[in-house]
Amino acid sequence: MEVKINREIRNYTESMFFGLSMRQFFFSVAAMGVAVALYFLLKPYFGTETVSWMCILGAAPFAAMGFITYHGMTAEKFLWAWLRSEMLEPKQLKFESGNYYYAAMKDLIAAHEKEVYKAHDEIDQ
């Protein structure tokens, strides 16, 4: 008998139905429901091949939301974070040029210039 143990305990998910977690099962059923609804809604207007592709494209986002995680976030948390960062709370970048080296050395440069001007004045006399 062999028992599988996850290396990272936080990655553990309990299997509920058909080896899927409750979240994966729910979104799989939702994807199937969308595919069936699209089939019956579009079948009178399009051919079988076109309707089948539309069913796949319509169900894919729901199926993906059950299985995709990014940096520990579920798909809807990731979409909400992306929407907030890009649309709702856009970044305002303000550019200010600055020469930190000159600001730090300003007094020394001024003192050196005074010495240089004083030396030139003595030479001119």
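This passage walks through the fold, surface and two residues of a predicted model. Local features are taken only at pLDDT of at least 70 and side-chain atom pairs at pLDDT 80 or more, whereas totals for chains, interfaces and linings use all residues. Numbering starts from 1 along each chain as its sequence is written, and side-chain values rest on heavy atoms, with hydrogens and water left out.

The protein chain has four helices and two strands, laid out from the N terminus as α-α-β-β-α-α. These are DSSP runs numbered from the N terminus, with helices being H or I of at least four residues and strands E of at least two.

Of the 125 residues, 11% come out as buried (under 20% relative accessible area; exposed is over 50%, partly exposed in between; 1.4 Å probe, protein chains only). Among contacts (heavy atoms within 4.5 Å) with a separation of 6 or more, 44% link residues 24 or more positions apart. One of the buried residues is S28, with a relative accessible area of 19%. S28 sits in helix α1, residues 22–42, and, leaving aside residues up to four places away in sequence, touches L20 and F67.

W80, W82, L83, M87 and L88 make up a nonpolar surface patch with about 540 Å² of accessible area together. Such patches join nonpolar side chains (Val, Leu, Ile, Met, Phe, Trp, Tyr) within 5 Å, or like charges within 9 Å, from residues with over 30% relative accessible area and no salt bridge (a Lys or Arg side-chain nitrogen within 4 Å of an Asp or Glu carboxyl oxygen). W80 belongs to helix α3, residues 75–88, and is partly exposed at 47% relative accessibility.

Conventions. Accessible areas come from the Shrake-Rupley method with a 1.4 Å probe; for residues, only the protein chains shown count as cover.
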